[in-house]
Amino acid sequence: MIIVMTRHARDEQIQAVVDKIRAAGLSEHVSRGTERTIIGAVGDERVFSPDSFELMAGVERAMRVVKDYRIVSRDVHPADSLVQVRGLAFGGEAIPVIAGPAAVETPQQMAAAAELVSRFGGKLLRAGAFKPRTSPYAFQGVGVAGLEYLQQEARKHGLPMVSELLDVRMLDTFLEFDVDVIEIGARNMQNAGLLKEVGRINKPVILKRGPAATLTEWLTAGEYIAAGGNHNIIFCERGVRSFETSYRNMLDLSAIPVLKRETHLPVIVDPSHAGGKAWMVPALARAAIAAGADGLMLDVHPDPANAWCDGDQALNPDEFAQLMAQLAVLAEGLGRKLG
Ligand code: PEP
Ligand code: MN
């Protein structure tokens, strides 16, 4: 912690800060400048909050030196980490594409979706059995039966399955169905209870960025999971709320290089929830790969016009096939490969 004293701080005010630091078992480093005295608290600064100094007489401001996220930070782990899912790896040279419908609907719909994803090179199958809709009157997902339909098709095609966990009470059910990757959706990015629970298991977790979360808040949410012992975290940028209304969310491409610099963990992009319209998805997907994304998550539906959820942002089979062919060329040009 660095404590900057006001210009006219008195000696007894400086001494009070030093006493507080010593009382907590840390030591001080006092630097008396011509304008200001600056005091460094040397030791584990987590015992203090900056406000506890800022409330003291003669203190102008106090700030932490270390970040709130450590395990997920590149500071402690400079090399890229791979997150493995049934023989696939996120965070290396390969760029796996996760694809599937927003929601599980029927066994027939999942069968058609899985076949489509697998045929055109998708490597993981996504579908929500529980949907966090904006309106409580909108379709909420088919529930546990959805995990069953998803599992059946995922296993049949050898695709690991990805599904969103909304409620901590369903975690055991997700484990029973052996959901390979648990998605924590944007709306739950800072749901501390949920983050702590998925931190205690060893399944990979996709942590989507909250619609108005800063990168530091997002990384710190990842730290919640990591602090419980689960380091298999994949960060997923899916766009943030902005003043613009012509698309669903603003895809924050700048977040990709910044996050990749801050964390050793993989960073993927969901262009579907950013654009909100299928016609925008190819451009955003290409941009994400060009910016260094380690994977993509795409809404794909065998019949978007009749989808029960988010049909307007789902790629149809032809659009998906065409995009996958383009992305393969793009990835290769960048010295990577799809899958
Ligand atoms: C989803 O992946 O279906 C979803 C609800 O996404 P987000 O949490 O990013 O809105
Ligand atoms: Mn959705």
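Two strands pair if DSSP finds at least two bridges between them. Strands themselves are DSSP runs (E, at least two residues), numbered from the N terminus.

This is a predicted model: local features need pLDDT of at least 70, side-chain atom pairs count only at pLDDT 80 or more, and totals for chains, interfaces and linings use all residues. Residues are numbered from 1 along each chain as its sequence is written, ligands are numbered from 1 in the order in which they are written, and side-chain values use heavy atoms, without hydrogens and water.

**Stop 1: strand S8**

Select residues 97-100. Val97 and Ala99 point one way, Ile98 and Gly100 the other, and all are buried (under 20% relative accessible area, 1.4 Å probe, protein chains only). Glycine 100 stands opposite aspartate 299.

**Stop 2: ligand 1**

Select ligand 1 and the residues around it (a heavy atom within 4 Å). They include Lys131, Glu164, Lys208 and His273. The side chain of arginine 126 places an N or O atom at 2.8 Å. For glutamate 183, a polar side-chain atom lies at 2.7 Å. Arginine 238 also has a polar side-chain atom at 2.7 Å. Taken alone, ligand 1 exposes 300 Å², and the protein buries 97% of that (Shrake-Rupley method, 1.4 Å probe).

**Stop 3: isoleucine 38**

Select strand S3, residues 37-42, and pick isoleucine 38 in it. Isoleucine 38 counts as partly exposed because its relative accessibility is 37% (partly exposed lies between under 20% for buried and over 50% for exposed).

Conventions: Helix = DSSP H or I, 4+ residues; strand = E, 2+ residues; numbered from the N terminus. Polar contact = N/O pair within 3.5 Å; in protein donor to acceptor, adjacent residues only side chain to side chain.
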